[in-house]
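Hello,

Here is the structure I promised to pass on. My notes follow below it, so please have it open while you read.

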Amino acid sequence: MKTRLLILDIIFCILVVPGMMFLFPVSEWIQWHPDYVLGYLVWLEGVWFMCRKGVGPLLMQDRQGLALAVGSLFLIAVVTFLMTLTPVNFTSPGDSFGTMKLHHRAMWILLLAVISASLPVGALAAQNKELTAKKDQEESQEKAKTALATRKAEAFTETEEGEIQVKAGYRTVHLPLTAIQYIEGRNNYAAFHLDHREDVVSQISLKKVMELLPEGKFVRIHRSYIVPAWRIEKRTASAIKIMGIQNPLPIGRAYRDELKSNK
């Protein structure tokens, strides 16, 4: 998509805009004031890029984006109006049509043509980019779910104990081991972060939690964190990325050696 837009930009700026200028009977422009014509040509190309990359995508957003788009178009119109006030003798009095000179009419028509072409292109490009990003995100999430399911199947066999029991207030809660994302220590409490469920907080130390968990399936990485060994996705010297968790968890200095032995 980026390559196609780049090609479209080149074609429009090199061929279409200069070609449109010669659709009008304004050959006197180049003969008398080539610098002015070149300046307006550059302005039109700038309007193309502003509308395609900025104003067009704003039209696909909320009311605030629409308001910004309208404001941007108003500023473009103001700048164009100021350019038409430049004292340039392009035409004789007999060439004028109504109260507006021919070259002024041409400038506004060219501006409207560029805006009319660039706004839909910018809006459609922004929509396509959003849909592509959404599709990539969905594919990434699906791959992550598949990888997590594979890890779960490899970590636990059908004959192994699949849950632990902890006290949460006045009730006993059964926690599936495969649903535990990580366990966080909060003073004398432990918060169990779970897949697709609310956190379960129990008045128990992380040391006792480790005694409840099956050996080799979970590892303590910090004085405040226990993680499933089979969920570890990436590891650096100071942090661990857990599958299904966006933010990495820190590694405590006292637990680095233990983690190295669990590779």
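Three strands make an open sheet in the order β8-β9-β10, and their pairing is antiparallel. (Strands, E, of at least two residues and helices, H or I, of at least four are DSSP runs, numbered from the N terminus; two strands pair if DSSP finds at least two bridges between them.) β8 (232-235) and β10 (249-250) are the edge strands with a single partner strand each, so one side of each has no neighbour in the sheet.

Before I go on, a word on the source: this is a predicted model, in which local features need pLDDT of at least 70 and side-chain atom pairs count only at pLDDT 80 or more, while totals for chains, interfaces and linings use all residues. Residues are numbered from 1 along each chain as its sequence is written, and side-chain values use heavy atoms, with hydrogens and water left out.

Back to the sheet. β8 and β9 run antiparallel and are joined by three bridges, with lysine 234 partnered by lysine 241 in β9. A hairpin of three residues links β8 to β9. Strand β9 (residues 239-242) pairs with β10 in the antiparallel sense over two bridges, and here isoleucine 240 has leucine 249 in β10 as its bridge partner. The hairpin of β9 and β10 has six residues between the strands, and glycine 244 in this hairpin takes a positive phi near 90°.

Helix α5 (residues 102-155) gives the largest share of the lining, six residues. By class, the lining has four nonpolar, six polar and six charged residues. (Ala, Val, Leu, Ile, Met, Phe, Trp, Tyr, Cys and Pro count as nonpolar, Asp, Glu, Lys and Arg as charged, and the others, Gly among them, as polar.)

There is also an open sheet of five strands, ordered β5-β4-β3-β7-β6 with antiparallel pairing. Its edges are β5 (200-202) and β6 (218-222), each with a single partner strand, so one side of each is left without a neighbour in the sheet. β6 pairs with strand β7 (residues 225-228) over four antiparallel bridges, and valine 219 has valine 227 in β7 as its bridge partner.

Happy to talk any of this through.

Best wishes
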